[in-house]
Structures are given as structure tokens and as C-alpha cells.
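Please find below a short note for a colleague who has not seen this structure before.

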Amino acid sequence: MKKGWALGVVCVLAGMLLGGIVGKVRYGGWTEQFVNWSAGEGMRRPTEATDMAVPEPKVRYERVFDFGTVSEDVRELKHAFRVENVGTAELKLSPGATSCRCTSAELPKGILAPGEAMEIPVVIQTVGVSGIFEQAATFFTNDPAAGEIQLNVSGRIDAPVWLERPELSAQRLVENVPSELSVNVYAVESQPLEVSDFRLGNEAIASFFKVTAEPLPAEALAEVQPPAGAGCRLKIEILPGIPMGAFSQTVTMRVHSQKRPELTLSIHGVVGDTIALFGRGWNEERNILTLGSIPSDRGLEQTYWVVVKGDAFDQTEIAVEDVVPECVRVSVGERSTMSETKTCRTALTISIPKGAATCNYWSDATKQLGTLTLKNKADGKSLKVYLRFAIY
């Protein structure tokens, strides 16, 4: 009797277990929906990891476009890059710099809602451009994983004579310190290439530029693409005394070629003080450092470089004078010197600790940004950096 009773209990339990498994397999989705619905919208329990996730923007974009080979008669090239917000929060974008003044990019709007997309046109003026070209337009975003994006265009202008690069950028010139730039000129024909009669477009600073040319040896032409039969190297010396601030200059030269008698080279740069900052997100023309959009539960830590040039480079001692807001932590690291260029490089770490309070210093107006003031104790020179970021 007892054995029969025990066997009956086992059968009942086995039937319940089997029924539960079958019900879960056949009606699991419906059951989950019922549980969620019956709990009510405001009381809904998290059933997936995404229910607990903090909304974040996420940018997806077309990165590169190649125009291929283009005739030198073409005056302008244009391509529209698709940019999309595939995240769950608003994607904010702001314009950065372009790699060449021949290149421009117009941002149609500064905010994309989740799921929204737009096209950003990138235009390159090809007058005076020849040979292979590669240009880029930079934009800043509040995507935690992509604070800076680049839209890249490339191609080749088919021409009998061409400049290696149509524009030279003097990354950072120091007042009263000479500098030298160089660029190659190539020709399809194998006859000796003569370049002369240099004319400077900006007469106000023409006296600070000296341009010379010398033939390129045959081995320097061996790996040139497209193939070149002759070439020469232009040397551009920028002499001490050029005024501080941004500058631009053009060099128009006579090329002894019937097919293309003239070429024009553009030069631009900034003459600054002896102290400068280098690193991702740094815009020297506006002194703005974009740190990006920072999740409070992750924080931030980035390393940059403070570079000092001049005769007293080996005495450099960088100090942090002031930081706003207080949640931004800045520490000075090790330094290294390069005697050949009279340069000292000091590591600078900027961090925001985990758990920092939410705040918004994301703006195009400098008065609404954070600030960081650095000073070189050796000569008393200082650098004020505007910080653009948001913590959420």
C-alpha cells in the first residue's frame, strides 16, 4: 500500500515537471509577455540587460570615398557622407578642422535623434591640385566610443606636372625660431625639370620666406606614384620674426613645361608662444580640447603632451595653475628632451573619476566651457586650454 502511494506521488511530480517544460517551450514567449503586462508599465521588472542600460548615442558613418582618376580640367569634387545615430540617445556633432584649406565640409545640423541620419557634403577645390591627393574633414561627437570622426576623400588628378602636396601646414612655429618646410614637384616627361620665378602672394609677410629648388636624384623618383620622369625639391625657409598668430602664404612658380606653365603652393600655419599642447581632440586655432561625452560610471583618463621649444627647453618645468570644474583632475608626468630641435615634451594626464556628478560643458562658446591653465616655471609662459565635455 505504501509502495503504491509513493509511486503515485512520483508520477504526479514528474507530470507537473514535464508539463512545465512543454508549457515553457510552447508558450514561453506569451507567458513572459503576460508577466510583463500584468506587472504594469511602471512596475515592469527588468527581463533583459538592455532594460538596465543607460541611453547612449552611437555614431555610424561612411569613412572613406575615392574619386579615382580625375582630369585636371575638373574644378571641384564633392561627395556626401552618410552619418547615422544608431544609439539610444541624442547624437551631438560639432565641426572640427579640415586637413587642407582646399577642402570644406558643411554640417547640416548639430543633433541627430536616435535612428536619424543625414548627409555631410565634403568638397575639395581641385584648382592647382595635381597628382595623388588625400584630404579629411574632422567632426567631434558625444559618442563615448567615438569622440572624433574623420571623413576621408582621396583620388588622383591626371596632370603632366604636379606638386607632391598642394598645401603645406606648419604645425607649430615658435616666435623667433626659424623653420623649414619642403615639398617635391614631379613631371611625367624625363627631361630635366626647371622651376623658377617664385612669387609670394601675401606681401605683408613675404620677407620672412625664402624659396629654393634643387633637382631630385633618380633614386628619389623610383617609387613615385604616378610614375615620374623628373622632379625637384622645393625648400621653404620661414625666417625668425614672422608675427605671432595664424598666417597663410602662397607660392606661385614658373614650371618650364608647355602643358602646364605654372603651379601654386599654399602654406598656412600658426606662430605661437614657446608652449603648446598636442593630442587627440585638440584644436589649436581655438585652444579647445574636446574630451567627449563621458559616462559617469566609467570616468575618463587620457594622456596628452605639453611641448616647449626654445633655447631654455632643457629647463622646462610644467605646472598646473588652475582647473575648472573641480571634477577634472590633471597630473604632470615625465618629460623628455630633444637637443637637435631644442624641444622638451612633458606628459599630461587628464582624468575624470568614476561616479562624477553629471554636468554639461559642451558648447561652441568658450565662456560655457571648462578651463585648464598650464605654466612653464622656467620662463613664466602660460597656456589656457578650454575643455569641452559632458558627463551623464
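**Notes on ring contacts and a sheet**

1. Y361 counts as partly exposed, at 22% relative accessibility. The classes used here are buried for under 20% relative accessible area, exposed for over 50%, and partly exposed in between, with a 1.4 Å probe and protein chains only. F389, at 0% relative accessibility, counts as buried.

2. The model is predicted: local features need pLDDT of at least 70, side-chain atom pairs count only at pLDDT 80 or more, and totals for chains, interfaces and linings use all residues. Residues are numbered from 1 along each chain as its sequence is written, and side-chain values use heavy atoms, with hydrogens and water left out.

3. How many aromatic pairs are there? The count comes to five. For a pair, ring centres of Phe, Tyr or Trp (its six-membered ring) must lie within 6.5 Å; planes under 30 degrees apart count as stacked, over 60 as edge-to-face, and the rest as tilted. One of the pairs joins F65 and F67, which is edge-to-face because the planes stand at 80 degrees, with ring centres 5.0 Å apart. F65 is partly exposed at 27% relative accessibility, whereas F67 is buried at 19%. Y361 and F389 also form an aromatic pair, a stacked one with 5.3 Å centre to centre and 20 degrees between the planes. Y361 lies in strand β25 (residues 359–361) and F389 in strand β27 (residues 382–391), so this pair ties together parts 28 residues apart in sequence.

4. Ring pairs also link F65, F67 and F133 into a cluster.

5. Two arginines have their charged ends over tryptophan rings: R345 over W305, 3.8 Å from the ring centre, and R388 over W362, 5.8 Å from the ring centre. The rule asks for NZ of Lys or CZ of Arg within 6 Å of the ring centre and within 35 degrees of the ring normal.

6. An open sheet is formed by four strands in the order β18-β21-β24-β23, with antiparallel pairing. Strands are DSSP runs (E, at least two residues), numbered from the N terminus, and two of them pair if DSSP finds at least two bridges between them. β18 (275–278) and β23 (329–338) stand at the edges with a single partner strand each, so one side of each has no neighbour in the sheet. Neighbouring strands of this sheet are turned by 25 degrees against each other on average, direction ignored, with axes fitted to C-alpha atoms.

7. β23 pairs with β24 (residues 343–352) over eight bridges, in the antiparallel sense. The bridge partner of T337 in β24 is C344.

How values were computed: Axes are lines fitted to C-alpha atoms, for helices over the stretch in contact, and angles run from 0 to 180 degrees between N-to-C directions.
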